[in-house]
Amino acid sequence: MKKRIVLLVIGVIVIFIFLGLILYINFSKINKVNQKRYDEIKEIIQNGVEKNIRAMYPNCLIDRNLQKDNLQGTHYDSSFLINNGYIKKEDLLDVDQKSFCKAKVNIYVYYENPLDHQKDCQVNYKISLECKHYKDEFNDIK
């Protein structure tokens, strides 16, 4: 009788481990698919932001590693990009296909000569994405 109980307990434990592994693998696949979508959204937003930067600061270099003092900054959100035609609202569709993601953008500009905004300038930007079950935080450079 004791052997049957021990075998039954071991069998139940093995089944739980097996089910746990299956759930873990499925959850990992879902997370990878979701992360891929969030990366696509970020790339779309990034392209829109860079188009906006080229329009606002046509002679400035977009520098991804801008780490300087005396930066001037501005910020906007995804509705600005949509309203100005840089991205489409459908581009921000979340993985649930019902809700939309929101983005916040911080732009930092460095001018070699603060009185001359037409040349010798560098621009950096940071994007924060917020969706129903996903949230990025800014990694500000200041």
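Reply: The account below takes the disulfides in turn and then turns to a helix.

This is a predicted model, in which local features need pLDDT of at least 70 and side-chain atom pairs count only at pLDDT 80 or more, while totals for chains, interfaces and linings use all residues. Residues are numbered from 1 along each chain as its sequence is written, and side-chain values use heavy atoms, with hydrogens and water left out.

A disulfide is a covalent bond between the sulfur atoms of two cysteines; here, a pair of cysteine sulfur atoms within 2.5 Å is counted as one. When bonded cysteines are counted along the chain, their pattern is 1-3, 2-4.

The link of Cys60 and Cys121 is left-handed, at -100 degrees about the S-S bond. Cys60 lies in the loop between H1 and strand S1 (61-62), whereas Cys121 belongs to strand S4 (residues 121-131), so this pair ties together parts that are 61 residues apart in sequence. Helices (H or I, at least four residues) and strands (E, at least two) are DSSP runs, numbered from the N terminus. Both Cys60 and Cys121 are buried. Buried means under 20% relative accessible area, exposed means over 50%, and partly exposed lies in between (1.4 Å probe, protein chains only).

The other disulfide joins Cys101 to Cys131, with an S to S distance of 1.9 Å. The torsion about the S-S bond of Cys101 and Cys131 is about 110 degrees, so this disulfide is right-handed. Cys101 is found in the loop between helix H2 (78-83) and strand S3 (102-111), and Cys131 in strand S4, so the pair ties together parts that are 30 residues apart in sequence. Cys101 and Cys131 are also buried.

Helix H1 may be considered next. Val49 lies in helix H1 and counts as buried because its relative accessibility is 0%. Not counting residues up to four places away in sequence, Val49 touches Tyr76, Leu81, Val105, Tyr125 and Ile127, where contact means heavy atoms within 4.5 Å. Val49 and Ile107 are 58 residues apart in sequence, and 9.1 Å apart in space from C-alpha to C-alpha. Arg37, likewise in helix H1, counts as buried at 18% relative accessibility.
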